[in-house]
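Let's take a walk through a protein model, piece by piece. Keep the picture open while you read, and try to find each part as it comes up.

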Amino acid sequence: MDFLTQLNNSNVLVLGAGVTGMSCARFLASKDIAFSLNDSRDAVLDAAMFSKEFPHATLSLGKWDTKLIAAADIIIISPGIDLATPALAAKRDDCEVIGDVEIYCRLKDTPILAVTGSNGKSTVVSLLAHIGEQLGKQVALGGNIGVPVLDNIALDLDCLILELSSFQLESMHSMQAVAATVLNVSDDHLDRHKTLENYQAIKQRIYSQASCAIVNRQDNRTFTSHNHQISFGDDKPGHNQFGLYQGALYFGEQKLVDIASLTIAGKHNAINALAALALGYELGWPLEDMAAALSSFEGLAHRCQKVSDKAGITWINDSKATNVGATEAAIEGLAAIKPAGSNIVLIAGGEGKGANFSPLAPLFEQALSVLITLGKDGPMLAQLKKGAIEVEDMEQAVECAYKHAKAGDIVILSPACASLDMYKNYMVRGEVFKQAVDELTLEEALV
């Protein structure tokens with residue numbers, strides 16, 4: 001029985017009415033497959049409009065509907081819903097719980113490059129998409145970025161590039177990627193996954209669904225026993241491996257491109273570029289053409305993005321750094337390339353998601369001139385550096401940074417925390433930072 005027939009013959013429940021859930025609803029409706037949709041939130045969508053668009057679907061809002069869950073043969077779950085949600089205990093033992101990416105993989109044989117990791121995922125997949133487009137390939141981004149994968153299921157692609165979160169990997173087992181990578185593993189989402197070891201194991205599920213595993217030589221939590229693997233790292237590469245050496249990106253003995261010619265700042269982004277090259281190489285894209293395409297990639301908003309040089313200070317918005325590893329990578333990456341005699345001022349803090357901040361302490365002492373903290377877990381971060389300054393909001397943080405920085409210095413917002421204690425999302429937080437920088441006057445710096 002093919003999977004579409006199985007769906008048609010099953011009692012299908014879509015859990016979650018966000019972007020992913022509604023994409024699943026549109027897909028099922030396009031195939032005339034009956035389904036129910038359930039969300040615990042009351043006001044997530046307009047019930048009348050839903051009934052008009054999906055006249056044959058059942059809608060339940062305001063709580064997790066255990067009756068619908070118990071009756072389901074297949075549950076299509078949105079990645080933001082924890083598989084340990086108590087209401088899911090009502091499902092039958094023979095009920096299959098899957099996500100939208102799993103559905104795509106069962107129905108299409110599009111060549112896939114898959115990326116997971118605690119940090120750098122969006123940069124790597126966006127860089128891959130840019131390279132593919134420069135090479136004249138038909139590519140699309142999916143998973144945790146771009147449009148939901150089922151919205152692209154009718155497209156005839158040369159490659160689908162997937163950014164996969166740990167949440168998505170929990171409900172996947174049918175992907176047959178050409179190559180996949182775990183970029184790095186650090187404390188993140190431990191409020192859901194409980195332990196770093198469990199989080200690592202979920203990330204590593206990506207390797208069993210790929211023909212080639214691409215690992216990070218500097219992070220043993222990415223290592224695998226996969227029988228076909230290549231690596232990238234911050235060192236001289238061996239034969240058929242990728243690495244940073246003498247200020248350039250290399251493949252074995254072959255120099256590909258100077259780090260100085262990359263448009264994305266920091267050593268960590270040069271390593272991200274290596275990961276992208278390794279993935280494209282496994283798909284058969286020419287190395288020289290990929291290396292040439294790197295120089296025209298402009299980077300992503302809120303990811304080590306230079307937003308101003310007011311008063312000769314480099315202001316960097318890295319609001320997407322929502323965990324310890326991302327902030328660590330940003331500071332190390334900037335410290336490796338900053339001009340001699342310049343300093344780094346860091347603005348950090350927010351909702352820590354249960355993370356252990358202590359690994360940042362030595363880096364804060366060695367690499368930062370000033371630490372400014374805010375948000376729910378700002379006081380915890382402030383304990384990691386003597387003389388840290390605690391403030392109430394982003395405007396105060398930016399004014400304080402301006403006061404303590406001099407021309408040639410770098411001020412970076414890299415929170416090591418989620419944003420939801422103060423802002424709708426990390427993007428809003430980044431925009432507030434940018435606005436605060438724009439509204440500063442030189443006189444404020446001298447107060």
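Before we start, one handy term: two parts are in contact when they have heavy atoms within 4.5 Å of each other. Also keep in mind that this is a predicted model.

**The sheet and its helices**

Start with the open sheet, which has five strands in the order β3-β2-β1-β4-β5, paired in parallel. Which strands stand at the edges? They are β3 (58-61) and β5 (96-98), and each has a single partner strand, so one side of each is left without a neighbour in the sheet. Going from one strand to the next, the twist averages 20°.

As a general point, strands of a sheet pair through backbone hydrogen bonds, and the pairing can be parallel or antiparallel.

The table shows who lies across what, and at which angle.

| Helix | Residues | Lies across | Angle |
|---|---|---|---|
| α2 | 19-30 | β1, β2 and β4 (74-77) | about 170° to β2 |
| α5 | 100-107 | β4 and β5 | about 100° to β5 |

**Helix α6 and a residue inside it**

Next, move along to helix α6, which spans residues 121-134 and includes S122. Is S122 buried or exposed? Its relative accessible area is 5%, and a residue counts as buried under 20%, so S122 is buried. Leaving aside residues up to four places away in sequence, S122 touches I145, E163, L300, R303 and K320.

Helix α6 also packs against helix α11 (residues 287-294), at an angle of about 115° and with the two axes 9 Å apart. The crossing of α6 and α11 is right-handed. On the α6 side, the contact is made by L127, H130, I131 and Q134, while α11 brings in M290, A293 and L294. Sort these contact residues by type and you get five nonpolar, two polar and no charged.

**What the record says**

Finally, let's look at an annotation. An unreviewed UniProt entry marks residues 302-417 as "domain: Mur ligase C-terminal". In the model, that stretch of chain is 30% helix and 20% strand. How far apart are its end C-alpha atoms? They are 14 Å apart.

Key
Residues are numbered from 1 along each chain as its sequence is written. This is a predicted model: local features need pLDDT of at least 70, side-chain atom pairs count only at pLDDT 80 or more; totals for chains, interfaces and linings use all residues. Side-chain values use heavy atoms; hydrogens and water are left out. UniProt positions are given in the numbering used here, feature names are shortened, and annotations may be inferred rather than shown by experiment. Helices (H or I, at least four residues) and strands (E, at least two) are DSSP runs, numbered from the N terminus. Two strands pair if DSSP finds at least two bridges between them. Axes are lines fitted to C-alpha atoms, for helices over the stretch in contact, and angles run from 0 to 180 degrees between N-to-C directions. Buried means under 20% relative accessible area, exposed over 50%, partly exposed in between (1.4 Å probe, protein chains only). A crossing is left-handed if the near helix is turned anticlockwise from the far one by less than a right angle, and right-handed if clockwise. Ala, Val, Leu, Ile, Met, Phe, Trp, Tyr, Cys and Pro count as nonpolar, Asp, Glu, Lys and Arg as charged, and the others, Gly among them, as polar.
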